[in-house]
Amino acid sequence: MFFKRINHYGDVGLILDFGSDSSQQISQEVNAVYVLLQDIDLRQLNVIPSFNKIVLSFQSIKERNRAQDSIESILTKVNLTNSQKDRKLWNIPACYEDIYALDRELIQITHGLTKEEVILKHTGKSYYAYYIGFMPGFPYLGDIDSSLITPRLATPRIQIPARSVGIARKHTCIYPKISPSGWNIIGQVPFDIFSLEHSRTSLFLPGDTVQFQSITEKEFFQIQSKRLLFDEIIKEFSK
Amino acid sequence: MNRFQVTRTGTYLTVQDWGRFHYQHLGVSPSGMMDHRIPQALTKVIPNHQNQFLEFAYVGPSLKVEQGAIKVSVGGQCNIFVQKHNNTQIEHAPYTSINLFEGDELTIHNTIDSVYGYIAFENGLGLEPCLQSFATDTKAQIGSINRPLQIGDQFEVSKDVSSWDLQSSEEVNISKQTNFKVYPGPQMNYFSDEVLQTFVSSPFTITTQSDRMGLRLEGEPLKSHISHDILSEGILPGCIQVPTNGQPIVLMRDIPCTGGYPKIAILARDDISKIAQLPPGTKITFDL
């Protein structure tokens, strides 16, 4: 068990602390507890998992205190395997060609790699979706191959295109929307990953596994022009 | 059909409710009204508000009834006028019901010694919820209307007003409270006793770089002896985070879902509404 303690977070919040590190193991436990919290009626407003914490918010101090008692009593029942049900395995097409890969060359130079090596390393591993945050539908994926680990840009960009694939430190991500960004942009995916029309809302959910697959510009345009709906994307690119 | 139109936006006119909950784990901000006290008082004047309010900052809007009639109430410290269709002008008090008929135009002037004002509408604004809420998050472009309102925006309310009787409620006292008792933040230990002493003893000024996402403060810099960079974790309105420059930010309603700066302290829930009403230039102090 990585779970350390429950602390108050202001007067109407709680923070569950799983230690100061981040690892897939810790995250799996975070997500297992998260799943457990979904199953009980805590009357919470929000539950926000991240790498090593879960923050909960409530309407009142009274409800916060009531929930704290219930959470303490269920934490003994955490089941890691149970939390893996309903998790999806994604095979996500991404185009790494120059017009989408604003910082791929910088990464090649930093690490002495060829274009093909960068693509091979990024597509060669399946990533764990630690959590969704920063902006609606934004997945923190990791960990990337150690030879691709790159710091954030010294000066963040004011704007990057929607659906951009980025890497920073040991994580990789996909931007659901146009955004300012300090991540190194190395490619783009050909469909939206956030939808107000679908009940899932975010294509990726915490605990999902994501592997990228390199596609040509032509294939990128072909998929993009289909304007796939979430159900079609799920059917075609996940299992 | 009752229809009115925005003929002047004022500043930062948005549709809001009490907040969008149960989506923050997907990266969606809670948003909602900056000051919950005012709309709470307005619900007594307009009980059938459908949780669809307009919020403005500093300068109020003008709304003109194009067809039919509507009943509204305005909350906040501001002057309210109605230009009647026969060209007479009538002043109204906040927290009273105002009946607007075809051709009437409601104009709300500046908020006085405060920031936010609200309008409640009998039968609401005829909107559909987005992710179970009417709130607007302009940064993420999520909402029944996913942007600030513009001149020409029209609202249609199919239901007619059931009673034109005058209703009113007590005025909300927008206190001038500038000292806030705060709770320890999860990274309070990132700051030495000396820095914490500075935090509670020196004033911080609310800067003009403040909006629905956060109030940026300026004062004696609060430097961490550990780091200004933490593993991102969930944040809530009221969290006081300290980025590398040492100038604290009080997070408000349109927060990102997680933040990577250490949080020195957290405001009490009810103080978020109070601090929201303090205009830039106000000096505030904290008590741990």
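**Chain architecture and local features of the predicted two-chain model**

For the 288 residues of chain B, a compact globule would have a radius of gyration near 19 Å, and the 20 Å found for chain B agrees with this; the radius is taken over C-alpha atoms, and the globule rule is 2.2 Å times the number of residues to the power 0.38. The structure is a predicted model, in which local features need pLDDT of at least 70 and side-chain atom pairs count only at pLDDT 80 or more, whereas totals for chains, interfaces and linings use all residues. Residues are numbered from 1 along each chain as its sequence is written, chains are lettered from A and ligands numbered from 1 in the order in which they are written, and side-chain values use heavy atoms, with hydrogens and water left out.

Chain B has three helices and 20 strands, where helices (H or I, at least four residues) and strands (E, at least two) are DSSP runs numbered from the N terminus. Taken along the principal axes, the C-alpha atoms of chain B fill a box of roughly 65 × 35 × 30 Å. Buried residues account for 58% of the 288 residues in this chain; buried means under 20% relative accessible area, exposed over 50%, and partly exposed in between, with a 1.4 Å probe and protein chains only. Of the contacts (heavy atoms within 4.5 Å) in chain B between residues at least 6 apart in sequence, 77% join residues at least 24 apart. The accessible surface of chain B, from the Shrake-Rupley method with a 1.4 Å probe, amounts to about 11,200 Å², with 47% belonging to carbon and sulfur atoms. The 21 positive and 29 negative charges of chain B have mean positions 1 Å apart; Lys and Arg count as positive and Asp and Glu as negative, without His and the chain ends, and the place of a charge is NZ of Lys, CZ of Arg, CG of Asp or CD of Glu.

Chain A has six helices and 13 strands. The radius of gyration of chain A is 19 Å, close to the 18 Å that the globule rule gives for 239 residues, so chain A is as compact as a globular protein of that length. The C-alpha trace of chain A spans about 55 × 35 × 35 Å along its principal axes, and 56% of its 239 residues count as buried. Among contacts in chain A between residues at least 6 apart in sequence, those joining residues at least 24 apart make up 65%. Carbon and sulfur atoms contribute 51% of the accessible surface of chain A, which comes to about 10,800 Å². Chain A carries 27 positive and 26 negative side chains, and the centres of the two sets lie 3 Å apart.

Over all chains, the search of the whole structure finds 24 aromatic pairs; rings of Phe, Tyr and Trp (its six-membered ring) pair if their centres lie within 6.5 Å, and planes under 30 degrees apart count as stacked, over 60 as edge-to-face and the rest as tilted. B:F4 and B:F121 form a stacked pair, with 5.2 Å centre to centre and 5° between the planes. This pair links distant parts of the chain, B:F4 being in strand β1 (residues 2–8) and B:F121 in strand β10 (residues 116–121) of chain B, 117 residues apart. Both B:F4 and B:F121 are buried. B:F199 and B:F204 form a tilted pair, 6.3 Å centre to centre with 50° between the planes; B:F199 counts as buried at 0% relative accessibility, and B:F204 counts as buried at 0% as well. In chain A, one aromatic cluster is formed by A:F51, A:Y128, A:Y130, A:Y131, A:F134, A:F138, A:Y140, A:Y175 and A:W183.

Several loop positions were also examined. B:I230, in the loop between β14 (214–218) and β15 (233–234) of chain B, is buried with a relative accessible area of 9%; not counting residues up to four places away in sequence, B:I230 touches B:Q187, B:Y190, B:G259, B:G260, B:Y261, B:P262 and B:K263. B:N123, in the loop between β10 and β11 (154–157) of chain B, has a positive phi of about 70° although it is not a glycine, and B:N123 is buried with a relative accessible area of 9%. In chain A, a cis peptide bond with omega of about -5° joins A:G142 and A:D143, and A:D143 lies in the loop between β7 (139–142) and β8 (157–160).
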